[in-house]
Amino acid sequence: SAAKLYVLGALLADIEAGTAKALPQSGEVSRCRLLGKADGIVDWSESAALVERKVRAFDPWPGTSTTWEGRPLGILHTRLPAGTVVPVPGAAPGTVLGPSPDGLAVQAGDGPLALVRLQPAFGRPMDWRAFVNGHPGIIGARLGGSS
């Protein structure tokens with residue numbers, strides 16, 4: 001709003017003039033541990049929105065990945081499906097449901113999440129369509145667990 005911008009502008013002017021007053025930070029100081037590779041392993045029982053946010057947050061480090069047929073599969077870009085996320089009856093978390101208008105749909109904890117860009121182990125990053133063309137057996141497979 002205009003009022004917030006006015007206050008912010010006045011504060012910036014005070015800082016520039018050297019007349020701003022420092023105030024102690026309110027609340028408790030919190031610390032976060034360093035992220036490691038294990039933090040980027042997708043837990044498919046989490047909500048689709050949470051997995052989608054982690055993919056964005058963990059780019060570039062530590063990156064996000066899952067496993068398929070015992071090999072790592074990098075997840076570089078995902079998309080929440082348009083509209084409301086609705087679980088697919090009988091699909092366990094991590095089950096690859098198949099192509100969707102948004103990408104390669106995978107069942108998350110509360111419904112599908114679309115995988116848009118993937119990177120197979122020791123391979124180059126690729127669009128989900130190219131991945132499925134080269135690996136059609138992924139449809140119906142279970143990611144991150146037993147197939």
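In what follows, contact means heavy atoms within 4.5 Å. On that basis glutamate 52, which lies in helix α2 (residues 48–57), touches Thr78, Leu80 and Leu113, not counting residues up to four places away in sequence. This is a predicted model, in which local features need pLDDT of at least 70 and side-chain atom pairs count only at pLDDT 80 or more, while totals for chains, interfaces and linings use all residues. Residues are numbered from 1 along each chain as its sequence is written, and side-chain values use heavy atoms, with hydrogens and water left out.

**Burial and core**
- At 12% relative accessibility, glutamate 52 counts as buried, where buried means under 20% relative accessible area, exposed over 50% and partly exposed in between (1.4 Å probe, protein chains only).
- The largest nonpolar core has 22 residues, of which Trp44, Leu104, Leu115, Ile138 and Leu143 touch the most other members; such a core is a set of buried Ala, Val, Leu, Ile, Met, Phe, Trp, Tyr and Cys residues joined through side-chain atoms within 4.5 Å.
- At least two residues of this core come from each of α2, β2, β4 (103–107), β5 and α3 (128–134), the helices (H or I, at least four residues) and strands (E, at least two) being DSSP runs numbered from the N terminus.

**Helix α1**
- Helix α1 (residues 2–17) has 16 residues and reaches 22 Å from its first C-alpha to its last, close to the 22 Å expected at 1.5 Å a residue, the expected span being 1.5 Å times one less than the number of residues.
- The number of buried residues among the 16 of α1 is zero, so the helix lies largely in the open.

**Backbone exceptions**
- Most residues other than glycine have a negative phi, and most peptide bonds are trans.
- A cis peptide bond joins aspartate 59 and proline 60, with omega about 10°, and another cis peptide bond joins tryptophan 61 and proline 62, with omega about 0°.
- Proline 60 is in the loop between α2 and β1, and proline 62 also lies in the loop between α2 and β1.
- Glutamate 69, in the loop between β1 and β2, has a positive phi near 55° and counts as partly exposed at 48% relative accessibility.
- Phenylalanine 122, in the loop between β5 and β6 (126–127), has a positive phi of about 60° although it is not a glycine, and at 91% relative accessibility it counts as exposed.
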